[in-house]
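Biologist: I am new to this structure and would like to go through it by question and answer. Please put it up first.

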Amino acid sequence: MSDRTTLDWTAEPDSPVPPPTWGRRAPEAQVLPWVFVPLVGFLLLGNFLLSPHLTAPALRTWSTIFVAICVQAIPFLVFGVALSAAITAFVPPSFWTRVLPRRPYAAVPVADVAGLVLPGCECASVPVASGLMARGVTPAAALAFLLASPAVNPVVLVATAVAFPGQPLMVVGRFAASLIVAVLVGWIWQLLGRPGRLRIPSRTAREGESRWASFLSAMRHDFLHAGGFLVVGGLTAATLNVVVPRSWLLSVGDIPWLSVLVLAVLAVILSICSEADAFVAASLTAFSPTAKLAFLVVGPMVDLKLIALQAGTFGRAFAVRFVPLTFTVAVLVSVLVGWVLL
Amino acid sequence: MGAPVNRMAQSLVMTLLGGAILRVSALSTIYLNYVKPGFRPLLIAAGLVIFALGVLGLVQEWRKPYTPKAQAGTEHESEEKHRHGPRVAWLLCLPVVAIFLITPPALGSFAAERDDTPQPRPSAPEAYGVLARDRPAVMPLGEFIGRAWGDANRSLVDRQVKLTGFAVHSKQKGQWYLTRMQLRCCAADAFPLKVTVLGVPAPRDDTWVEVTGTWVPTPYDQLPKGTVAPEMRATAVAKVKQPDEPYE
């Protein structure tokens, strides 16, 4: 590519006229100002002309919730994407083979406990897990990390303790149930999952690219990819939030087994960040503690924006198996832990 | 969903998204309609990172030398494939468009009305401080509800209070709700705090008002299960501007 730079002309002083490439930019670059200027103009003008007219209450509520989900998740997504890009660009693969046990069944619980140290919510964990897999970590172990880290990190546990004052067992229950679910799902995936179901993102640095360049390009690619799927999840969650009256779901609080299922489904629909879901659970006063525990365990592992992110990152064939598996195990374990502890 | 996103479009999307995030967080207080105030530094940092990545990409694209397609050959094609991003990235334009065209406002009466989640009630009565006798006490709606429901000192009895919120109509005649949404993390988890106002005509829905009045006592243990709002007999209602921080 370098023999086509604009300086080429000086290399052939005999040539009577400048070659056709002289002073020309790449075709994309020529279009750039023509796309950029009208687009920004349209957005700024639209802000003044259109926004006073788009006032239907349902549309406004929907758009507020949609934008709120995106705005709230994007900092965590950026953090997760940066961490994932750093893992692939700066940490050599040999590091993981040294740190993690060789045998997959032993690696799963280790990765599970490693979830303790990543302070963030579920949006950060998907790109990090995919970065781990790209670096040769056993998929089952990376999946255990994916499930555990949003639920058991210190920030989330403190938030849970604040939301349930005087009920330390709720924190213990959440911690224990989340760890158990992550290990079980990791093992089941190791046992039953076939290679090919899971699309492992390959990320090999291109030749001649510096570490920083590959860090930046991995970060850009992952952010655009995961961000797009985050928007899909945000759209679905906002729509269900506005369309489905919550009173339908909440009228069944008195039936024990049904209330557990209903709160688990509610956790999937609401797609609340794992750092905030404890407060929402605490406000659902009509439900039993076990049902609230199910809400807290299912929420960080399965919700609409996560499903979209996982399907996008690991492939649809993976998501249709992994999501129901996680949901079932999470509900069963919460019932069991709730029965023992609460 | 359109063509695969080439490098320039990718950078453009990221620049716009970063710009939109900076617009709502660094350049204005619009972000308070969506998230808690403490979120601002995180949003500004994320906005700057995205914006910088986008601008960096645009600059690289702008300075890229011209390469005629004919001479690029097969090697160039694989390179080209690598440079194309995922199509789903186009969707990142949606929040940008929503932020600029709709500028979603704070949640109002529509959300407050359809959400009948029972309000969290304090599990044990708390002891609140004493209120001044000579002037109306200004307090958040949440504190008023807390004092009304479970205050061992019954500090609200015979005290004038001043509350700020927006109006939501009630199905029962002669009363309306003074409402404020409470956030835990973002607007998706907002739920309404409501106080029933008696004795003054209802303002239009979504009007922000400051209501002065006194609490109508209800014994805590006689409250029914489920959603119930404490009552207040109002003496004065004044229209106010929507506060910068619309949530509690």
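Biologist: What is the handedness of the crossing where α5(A) passes α9(A)?
Modeller: This is a predicted model, and in it α5(A) and α9(A) pack with their axes 9 Å apart. Residues of α5(A), including A:P104, A:Y105 and A:V108, meet residues of α9(A), among them A:L179, A:A182 and A:W187. The crossing of α5(A) past α9(A) is right-handed.

Biologist: How do α5(A) and α9(A) run relative to each other, roughly parallel or roughly antiparallel?
Modeller: The angle at which α5(A) and α9(A) pack is about 155 degrees. Angles over 145 degrees count as roughly antiparallel. α5(A) is therefore, relative to α9(A), roughly antiparallel.

Biologist: Within what arc do the buried residues of α5(A) fall, seen down its axis?
Modeller: Helix α5 spans residues 104-114 of chain A, and its buried residues are A:A107, A:V108, A:A111 and A:D112. They line one face of the helix, because seen down the axis of α5(A) they fall within an arc of 140 degrees.

Biologist: Which helices are included in what covers the buried residues of α5(A)?
Modeller: A:V108 and A:D112 are among the buried residues of α5(A). Both also belong to the set in α5(A) that meets α9(A). The cover over the buried residues includes, in chain A, α7 (139-152) and α9 (168-192).

Biologist: How are α6(A) and α15(A) oriented, roughly parallel or roughly antiparallel?
Modeller: Helix α6 (residues 122-134) and helix α15 (residues 304-314), both of chain A, have axes that come within 10 Å and cross at roughly 15 degrees. In α6(A), A:E122, A:V126 and A:S130 meet residues of α15(A), including A:L306 and A:L309. The crossing is right-handed. Angles under 35 degrees count as roughly parallel, so α6(A) and α15(A) are roughly parallel.

Biologist: Which residues is A:V181 in contact with, leaving aside its neighbours within four places in sequence?
Modeller: A:V181 is one of the residues with the most contacts inside the largest nonpolar core. A:V297 is also on that list. With the neighbours within four places left aside, the contacts of A:V181 are A:L147, A:V297, A:M301, A:V329, A:A330 and A:V333.

Biologist: How many helices and strands are there in chain B?
Modeller: Chain A has 16 helices and zero strands. In chain B the order of elements from the N terminus is α-α-α-α-α-β-α-β-β-β-β-β. The totals for chain B are six helices and six strands.

Biologist: Is B:T103 buried or exposed?
Modeller: B:T103 sits in the loop between α4 (93-102) and α5 (109-114) of chain B. Its phi is positive, near 40 degrees, in a residue other than glycine. A residue counts as buried if 20 or more other C-beta atoms lie within 10 Å of its own. B:T103 has 22 such atoms within 10 Å, so B:T103 is buried.

Biologist: How many other C-beta atoms lie within 10 Å of B:D206?
Modeller: The place of B:D206 is the loop between β4 (191-198) and β5 (208-216) of chain B. B:D206 is not a glycine, yet its phi is positive, about 75 degrees. B:D206 is partly exposed, and the number of other C-beta atoms within 10 Å is 17.

How values were computed:
Residues numbered from 1 in each chain as written. Chains lettered and ligands numbered in written order. Predicted model: local features only at pLDDT ≥ 70, side-chain atom pairs only at ≥ 80, totals over all residues. Buried ≥ 20, exposed ≤ 12 C-beta atoms within 10 Å, placed from the backbone. Helix = DSSP H or I, 4+ residues; strand = E, 2+ residues; numbered from the N terminus. Arc of directions from axis to C-beta. Contact = placed C-beta atoms within 7 Å. Core = buried A, V, L, I, M, F, W, Y, C linked by C-beta atoms within 7 Å. Axes fitted to C-alpha atoms, helices over the stretch in contact; angles between N-to-C directions. Parallel < 35°, antiparallel > 145°, perpendicular 65-115°, else oblique. Left-handed = near helix turned anticlockwise from the far one by under 90°.
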